[in-house]
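Please walk me through this model by question and answer.

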Amino acid sequence: MKASIKFLVGAALTIVTCMSQAGVAGLSGESSAEKTANNQKFEGDWNGTLAGALHLVLHVKKSASGEYTAVLESVDQGHAMIPVDKLDVSAEHLFLSVNAVKGIFDAKWDDKTNAWIGTWTQGQQLPLILSR
């Protein structure tokens with residue numbers, strides 16, 4: 001567990017360097033993102049805790065043209081704002097990649113918990129649940 005946190009803290013240093021170069025990427029998502037079983041809108045903030053210790057917030061915005069943009073905030077690492085480079089979302093599946101930290105999140109929508117339940121992969125796999 002401590003090795004996981006150290007890895008993520010080390011990645012945060014890389015993030016600070018990359019953020020000035022990368023900015024926030026524009027992303028496209030499927031319009032069915034708003035058609036989850038409970039009609040939950042995908043736009044907004046999704047919160048989770050990685051490895052039981054690292055608080056994350058996925059901030060998602062939708063443009064007038066229907067494109068999504070997203071930034072992953074690492075709350076415990078000085079509120080680092082990490083651009084999401086790729087975002088694919090449907091009613092049942094969410095996939096995002098964050099090149100700055102070489103991380104991906106692959107999740108499925110869970111109607112019972114109203115959350116995205118999946119795995120964050122960044123050198124190793126860790127469970128992550130994103131909910132409102």
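Q: Which residue in the turn between β8 and β9 has a positive phi?
A: This is a predicted model, in which local features need pLDDT of at least 70, side-chain atom pairs count only at pLDDT 80 or more, and totals for chains, interfaces and linings use all residues. Numbering starts from 1 along each chain as its sequence is written, and side-chain values use heavy atoms, with hydrogens and water left out. β8 and β9 form a hairpin with four residues between them. The turn residue with a positive phi, about 55 degrees, is Asn 114.

Q: How many bridges pair β8 with β9?
A: Two strands pair if DSSP finds at least two bridges between them. Strands (E, at least two residues) and helices (H or I, at least four) are DSSP runs, numbered from the N terminus. Ile 104 stands opposite Thr 121 in β9. The β8 and β9 pairing is antiparallel, and its bridges number seven.

Q: Which residue in the turn between β9 and β10 has a positive phi?
A: β9 and β10 run antiparallel, joined by seven bridges. They form a hairpin with three residues between them. In that turn, a positive phi of about 85 degrees belongs to Gly 123.

Q: Which residue is the bridge partner of Ile 117 in β10?
A: Look along strand β10, where Ile 129 lies. Not counting residues up to four places away in sequence, Ile 129 touches residues including Ala 115, Trp 116 and Ile 117 (contact means heavy atoms within 4.5 Å). The bridge partner of Ile 117 is Ile 129.

Q: Is Ile 129 buried, exposed or partly exposed?
A: Buried means under 20% relative accessible area, exposed over 50%, and partly exposed in between (1.4 Å probe, protein chains only). Ile 129 has 46% relative accessibility, so this residue counts as partly exposed.

Q: How far apart in space are Ile 129 and Leu 50, C-alpha to C-alpha?
A: In sequence, Ile 129 and Leu 50 are 79 residues apart. Ile 129 also touches Asn 47, Gly 48 and Thr 49, among others. From C-alpha to C-alpha, the distance between Ile 129 and Leu 50 is 8.2 Å.

Q: What is the relative accessible area of Ser 74?
A: Ser 74 is found in strand β4. Leaving aside neighbours within four places in sequence, its contacts include Leu 54, His 79 and Ile 82. Ser 74 is buried because its relative accessible area is 1%.

Q: How many strands does the protein have?
A: Read along the sequence, the pattern is α-β-β-β-β-β-β-β-β-β-β. The secondary structure comes to one helix, and the strands number 10.

Q: What is the average pLDDT of the protein?
A: pLDDT is the predictor's confidence in each residue, from 0 to 100. Of the residues, 70% score at least 70. The protein's average pLDDT is 79.
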